[in-house]
Amino acid sequence: NLCLLFFQSVTIVCYSESFAFIYKYCTIYFYLLWPLPQQLHQSADRGCLSPQRFSFTYGRDSAAQTGCSVLDAAFKRYFSIIFPDFTKGSGLLMCENQSNRLSVKTGGCDGYPDEDSDESYNLSVSEGQAVLRSVTVWGALRGLESFSQLVYQDDYGSYFINKTEIVDFPRFAFRGLLLDTSRHYLPLHAILKTLDAMAYSKFNVFHWHIVDDPSFPYQSRTFPDLSNKGAFHPFTHIYTQSDVMRVIEHARMRGIRVVPEFDSPGHTQSWGKGQPGLLTPCYKGGVPSGSFGPVDPTIDTTYKFMESLLKEVKFVFPDSYVHLGGDEVSFACWQSNPNVRKFMEKMGFGKDFTKLESFYMESIMNMTAALNRTSIVWQDVFDYHERIPQDTVLEIWKGEKYQAELSRMTQAGHRVLLSAPWYINHISYGQDWRNSYAVQPQNFSGTEEQKKLVIGGEVAMWGEYVDATNLTPRLWPRACAAAERLWSNEEKTLNADLAFPRLEEFRCELLRRGIQAEPLFVGHCKHEYDGL
Amino acid sequence: MTWVEVNAAPELIHTPPLRLKQKSADRTALNTDMYCLLKCSPLILAVAVCHGWLFGDFVGKQKELDEISLWPLPQKFQSSAVAFKLSPGSFQIVHAKQSSAGPSCSILVNAFRRYFEYMFGDLKKHEKSRKKVYDSDLAELQVWITSADPECDGYPSLQADESYELSVDEPSAVLKAANVWGALRGLETFSQLVYRDDYGANNINKTDISDFPRFAHRGILLDSSRHFLPLKVILANLEAMAMNKFNVFHWHIVDDPSFPYMSRTFPDLSQKGAYHPFTHVYTPSDVKMVIEFARMRGIRVIPEFDTPGHTQSWGNGIKNLLTPCYSGSSPSGTFGPVNPILNSSYDFMTQFFKEISTVFPDAYIHLGGDEVDFSCWKSNPDIKKFMVQQGFGTDYSKLESFYIQRLLDIVAATKKGYMVWQEVFDNGVKLKADTQIHVWKERPQYQDEMAKVTAAGFNALLSTPWYLNRISYGQDWVNIYKADPQNFTGTDAQKKLVIGGEACLWGEYVDATNLTPRLWPRASAVAERLWSDKSVTDVGNAYKRLVQHRCRMVKRGIPAEPLFVGHCRQEYMGL
């Protein structure tokens with residue numbers, strides 16, 4: 001058997017005199033898995049995969065069968081990921097006598113991934129056959145990703161996979177990545193590419209910070225003027241409804257939720273252009289200065305507008321979560337406005353503008369709850385106002401003392417997302433992925449119950465200095481550090497030095513898959529990036 | 001026609017934003033019939049006055065995007081609001097009748113095509129049908145090479161005359177330069193003057209420019225050893241360099257991690273020292289292509305073969321070249337710098353640099369000489385014996401000097417000049433008078449080092465503030481922009497010895513995936529410092545121009561990263 005011969009020769013080389021050199025390659029074979037599965041057993045026995053014979057099939061007793069859009073598409077996708085050079089009829093170095101199939105046993109096929117989606121899977125690769133078992137298609141997607149990472153090519157171009165048993169499930173249910181399409185517009189293909197790379201790292205939430213002060217690229221069906229007047233350009237720098245559909249569908253196919261953020265009442269300068277009367281007019285010396293502040297929380301029309309907008313958001317974005325922002329509200333403009341001051345008096349808020357902000361956010365959160373959606377808000381909302389709807393998810397973004405904030409929020413019984421240590425738009429010289437990797441999201445003082453309230457975290461790539469020219473290399477592989485922290489067992493993955501060679505390999509794998517991931521340090525990949 | 005002389009005090013430099021807010025009536029007066037005459041020293045002031053109509057946003061957001069923005073700013077520059085149209089169907093770049101260059105001048109012919117593409121590339125298809133030439137059209141750009149030898153087949157050099165004069169007026173624009181090198185710079189400037197109006201038509205304003213570089217050596221260092229850089233990436237960056245009037249590509253081609261240069265004399269160097277002997281090497285024809293591509297853009301290619309340190313990868317292909325390190329009394333199996341006590345080392349260097357001197361046409365070679373680690377030499381008993389013989393005591397910098405001295409003699413015999421990193425000067429090696437000392441260290445302060453080097457009468461090049469591989473969050477181009485190579489205490493004669501500087505992008509964390517956006521537009525800040533007058537220091541004005549310059553690079557296919565929040569009309573479409 002040809003395969004066996006190959007295998008034996010490699011084993012011998014492994015223990016030959018140039019041990020250190022070859023050893024590296026041996027570890028690659030066993031080690032290229034990112035994020036690390038919860039339980040992994042690999043043996044040195046390996047089998048061949050023949051591109052001509054290999055196929056994905058649905059298990060006989062599988063609940064999902066051909067016709068399951070998510071898996072049909074995933075089979076196709078992963079086949080070309082595993083066999084990138086394969087074109088029909090050109091199998092030169094083939095291993096004979098192997099019939100390899102990956103059999104998928106899974107259930108649940110339609111719909112969208114959500115907060116309760118079961119992403120666990122079991123993967124068993126044995127002689128001639130691999131079996132992937134999962135409860136849902138989302139678990140199957142994660143398992144297919146792991147399977148694809150297990151396959152490797154030897155120096156002759158033959159494909160191999162080692163005998164492997166994997167039992168895997170995510171540590172956290174919410175593993176997000178934030179892109180900011182307001183500070184710079186990101187072309188659709190940049191977003192889709194990011195979704196591809198997210199799936200490779202088992203991220204499952206795309207937090208779309210779609211609008212902000214600088215521009216409003218979301219083309220609203222209810223309020224078309226928002227992008228007509230608020231986008232950088234009304235035609236070239238917008239996301240049409242079909243663009244948004246495409247993003248959502250591309251994400252769904254990869255088991256990724258799309259959670260949009262419509263941040264208010266601050267960060268809304270661009271909204272004002274298309275929605276006159278929405279923002280608070282700022283005053284200077286008793287007269288309007290011509291500039292505008294946050295959303296005007298004192299007038300009914302604001303709430304009517306927000307309700308219509310949120311209704312549309314509910315209609316367009318299928319996810320049960322909506323991010324409502326609520327961060328960094330500047331009070332100077334509210335303070336300057338006589339109507340706002342009058343309103344403050346009427347409501348008995350005194351001079352405490354945080355109360356006004358809370359009043360606004362509470363209305364918006366209630367509105368969202370009435371639409372059957374779960375709100376996510378930035379930590380500011382909690383910091384100013386501890387009485388917020390219990391099922392609201394709080395997201396921590398302020399860099400300092402996030403552990404203390406985790407304690408406080410979970411003590412108040414809220415579910416929490418951690419983002420503060422993962423603002424990877426902040427760049428520095430050197431291997432800063434190590435900082436991301438060292439984060440321990442549950443390392444704060446609190447009970448076991450409190451720890452469970454940490455539902456996950458997000459990598460944030462804010463857009464001040466990022467657009468299509470530099471987004472991808474700035475994101476990858478730096479975001480992978482958080483991906484592993486959020487998926488894998490922390491005990492097994494705390495040592496960054498041990499993770500380094502695996503991450504280096506994974507980065508090369510990303511390159512092979514066409515993701516422009518930057519280098520971690522000096523070195524090279526077999527398949528270098530050949531774009532520009 | 002009235003000319004306005006602007007000669008105000010430097011304190012007024014920060015007035016442009018105020019000028020911008022002038023009532024439109026005032027500005028119209030400025031626009032219609034007024035020229036700003038810019039002379040070298042009050043240049044910024046002049047820009048301040050011109051600002052209102054040159055760089056301002058008086059017609060609105062979209063307009064702002066397409067206003068002209070010259071980068072780097074020319075030395076002398078006058079412009080008016082009188083605009084001419086350029087028709088993609090009929091506009092031509094031609095050799096002037098009086099020009100000493102003609103159709104056989106490949107550098108110019110290729111440049112004409114390149115700049116035509118930049119200006120009209122996305123338009124010409126739509127407007128082919130347009131035949132009629134309007135009165136307000138600019139029909140052609142005449143390129144007039146004035147010296148008898150246009151240097152069409154030559155290579156740019158340190159002495160190359162890059163000055164040019166450009167006059168844009170009806171019916172022809174004229175670009176006058178002594179030779180092709182100046183013409184290339186002028187073509188770039190001309191292409192930057194062209195802007196698109198709201199109807200998509202190309203316009204150019206009536207303009208007069210007289211321009212020349214402040215420094216003769218304006219370089220970019222790329223490191224192809226720590227990561228291999230595919231040819232495509234190097235060529236794209238030569239393009240970007242030309243857009244920024246850089247004129248030296250310092251190719252740090254080999255170093256410790258890999259030896260991608262394929263040597264004809266010693267093929268084992270790359271065969272055994274490259275990351276991969278076939279996919280991660282520069283073949284002789286690759287090198288030739290880089291040199292020719294650079295020549296076409298008026299860019300010199302200076303290779304660096306750094307020794308005696310930074311040579312780990314050399315040892316793979318050349319036995320006994322490196323010093324065996326000892327652990328106790330036996331060789332440890334690891335190797336240190338080039339072994340300076342063996343004749344074979346010098347024989348190798350002689351043959352090797354003989355090859356290098358023929359492959360690379362430039363008059364200079366960079367010999368490195370930095371960061372030599374003495375610990376391996378110290379461990380080696382043969383070296384220790386040699387030290388005693390030579391009477392060096394325990395001063396290993398003397399041994400380093402001994403090596404460098406012999407190497408310099410070897411290279412001098414090839415008729416090449418050399419550049420070295422500052423350590424070689426610091427260690428007191430005897431150097432030829434025309435040696436260029438490359439200052440890179442942060443300590444001692446580079447200002448002191450520049451003063452010391454020039455006081456000793458050597459040419460100095462500055463890189464310390466321009467290590468662009470060092471990234472940080474935010475607009476770090478501002479500090480890059482503020483650094484000035486002549487900002488040290490010294491006589492005028494000393495200042496004249498500063499021949500320029502280089503932006504360095506070392507390769508620890510950089511490869512094809514992130515090189516271009518990391519380098520551009522941050523290196524553009526260096527480009528303006530090295531080209532424009534030293535009074536061009538207004539960061540606010542530079543920001544506005546640089547934002548547009550980066551959009552121009554994006555439009556030309558260079559993924560230059562953003563400076564801050566905003567957008568370009570044409571975003572980067574690659575990925």
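This is a predicted model: local features need pLDDT of at least 70, side-chain atom pairs count only at pLDDT 80 or more; totals for chains, interfaces and linings use all residues.
## Loops, helices and the model

## Chain A as a whole

Chain A contains 19 helices and 17 strands. Of its 532 residues, 61% are buried.

## A:Glu328, an annotated position in chain A

An unreviewed UniProt entry carries the annotation "active site" for A:Glu328. In the model, A:Glu328 sits in the loop between β13 (321-325) and α10 (332-336) of chain A. Because its relative accessibility is 46%, A:Glu328 counts as partly exposed, the class between the 20% limit for buried and the 50% limit for exposed.

Setting aside residues up to four places away in sequence, A:Glu328 touches A:His267, A:Asp380 and A:Trp397. One of these neighbours, A:His267, also takes part in a polar contact, with 2.8 Å between its side chain and that of A:Glu328.

## B:Glu371, an annotated position in chain B

Chain B has an annotated glutamate too: UniProt, in an unreviewed entry, lists B:Glu371 for "active site". The loop that holds B:Glu371 runs between β15 (364-368) and α13 (375-379) of chain B. At 44% relative accessibility, B:Glu371 is classed as partly exposed.

Which residues surround B:Glu371, leaving aside its neighbours within four places in sequence? The contacts are with B:His310, B:Glu423 and B:Trp440.

## B:Asn247 and its surroundings

Beyond its neighbours within four places in sequence, B:Asn247 is in contact with B:Glu162, B:Arg185, B:Ala216, B:His217, B:Arg218, B:Gly298, B:Ile299 and B:Arg300.

The side chains of B:Asn247 and B:Glu162 are joined by a polar contact of 3.1 Å. A polar atom of the B:Asn247 side chain also lies 2.9 Å from the backbone nitrogen of B:Arg218.

## B:Asp476, another loop residue

B:Asp476 is found in the loop between β18 (459-462) and α18 (477-482) of chain B. With a relative accessible area of 17%, B:Asp476 is buried. Apart from neighbours within four places in sequence, B:Asp476 is in contact with B:Arg470, B:Ile471 and B:Arg522.

How far apart are B:Asp476 and B:Arg185 in sequence and in space? They are separated by 291 residues in sequence and by 27 Å from C-alpha to C-alpha. B:Arg185 is one of the residues in contact with B:Asn247.

## A helix pair in chain B

Two packed helices are described by the angle between their axes and the distance between the axes. For helix α14 (residues 381-390) and helix α15 (residues 396-412) of chain B, the angle is about 85° and the axes are 11 Å apart. α14(B) and α15(B) are therefore roughly perpendicular to each other, as angles from 65 to 115 degrees count as such.

On the α14(B) side, the contact involves B:Ile383, B:Lys384, B:Phe386, B:Met387 and B:Gln390, which meet B:Tyr396, B:Leu399 and B:Phe402 of α15(B). Six of the residues in this contact are nonpolar, one is polar and one is charged.

Methods. Residues are numbered from 1 along each chain as its sequence is written. Chains are lettered from A and ligands numbered from 1 in the order in which they are written. Side-chain values use heavy atoms; hydrogens and water are left out. UniProt positions are given in the numbering used here, feature names are shortened, and annotations may be inferred rather than shown by experiment. Helices (H or I, at least four residues) and strands (E, at least two) are DSSP runs, numbered from the N terminus. Buried means under 20% relative accessible area, exposed over 50%, partly exposed in between (1.4 Å probe, protein chains only). Contact means heavy atoms within 4.5 Å. A polar contact is a pair of N or O atoms within 3.5 Å; within protein, one must be able to donate a hydrogen and the other to accept it, and residues adjacent in sequence count only if both atoms are side-chain atoms. Axes are lines fitted to C-alpha atoms, for helices over the stretch in contact, and angles run from 0 to 180 degrees between N-to-C directions. Angles under 35 degrees count as roughly parallel, over 145 as roughly antiparallel, 65 to 115 as roughly perpendicular and the rest as oblique. Ala, Val, Leu, Ile, Met, Phe, Trp, Tyr, Cys and Pro count as nonpolar, Asp, Glu, Lys and Arg as charged, and the others, Gly among them, as polar.
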